[in-house]
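Open the model in your viewer and keep the sequence panel beside it. Each stop below gives a selection and what is found there.

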Amino acid sequence: MSTSAHICIIDDDAELSGLLKKRLCDYGFSVSHFPTGEAFFAPSELPAFDLIILDVMLPGEDGLSICRRLREAGSPWIDVPILFLSALGE
């Protein structure tokens, strides 16, 4: 299966994001990983994403706050679907 969809993972758990990235790449998706919201927002230019997988509990700025920033008026990610990921309660 080949697709041009680009998925963004914002998650500080290196093991979990590595497994998720590998599996998504196996299915033909292009995947970018950022360990924090700060790392995500740092580059002056980011590629367009078709889906954002966002951890709720991140060091520094939490996932809900990042989601609010992604949904702000004028944001290039305002319409990108967001899938929340959490280990809360494991």
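Begin by selecting C25, which is partly exposed at a relative accessible area of 37% (buried is under 20%, exposed over 50%, partly exposed in between; 1.4 Å probe, protein chains only). This is a predicted model, in which local features need pLDDT of at least 70 and side-chain atom pairs pLDDT 80 or more, while totals for chains, interfaces and linings use all residues. Residues are numbered from 1 along each chain as its sequence is written, and side-chain values use heavy atoms, without hydrogens and water.

Next select C67, which is buried at 17% relative accessible area. The closest cysteine sulfur to that of C67 is also in C8, at 12 Å, again too far for a bond. With a disulfide taken as two cysteine sulfur atoms within 2.5 Å, the count is zero.

Now select residues 14-26, helix α1 (a DSSP run of H or I, at least four residues, numbered from the N terminus). Its 13 residues reach 18 Å from first to last C-alpha, close to the 18 Å expected (1.5 Å times one less than the number of residues). At the start of α1, a side-chain oxygen of D13 comes to within 3.1 Å of the backbone nitrogen of E15. After the helix comes G28, with a positive phi near 95°.

Finally, select S17 in α1, buried at 2% relative accessibility. A polar atom of the S17 side chain lies 2.4 Å from the backbone oxygen of D13. Beyond its neighbours within four places in sequence, S17 is in contact (heavy atoms within 4.5 Å) with I9, D11 and H33.

Notes. Helices (H or I, at least four residues) and strands (E, at least two) are DSSP runs, numbered from the N terminus. A polar contact is a pair of N or O atoms within 3.5 Å; within protein, one must be able to donate a hydrogen and the other to accept it, and residues adjacent in sequence count only if both atoms are side-chain atoms.
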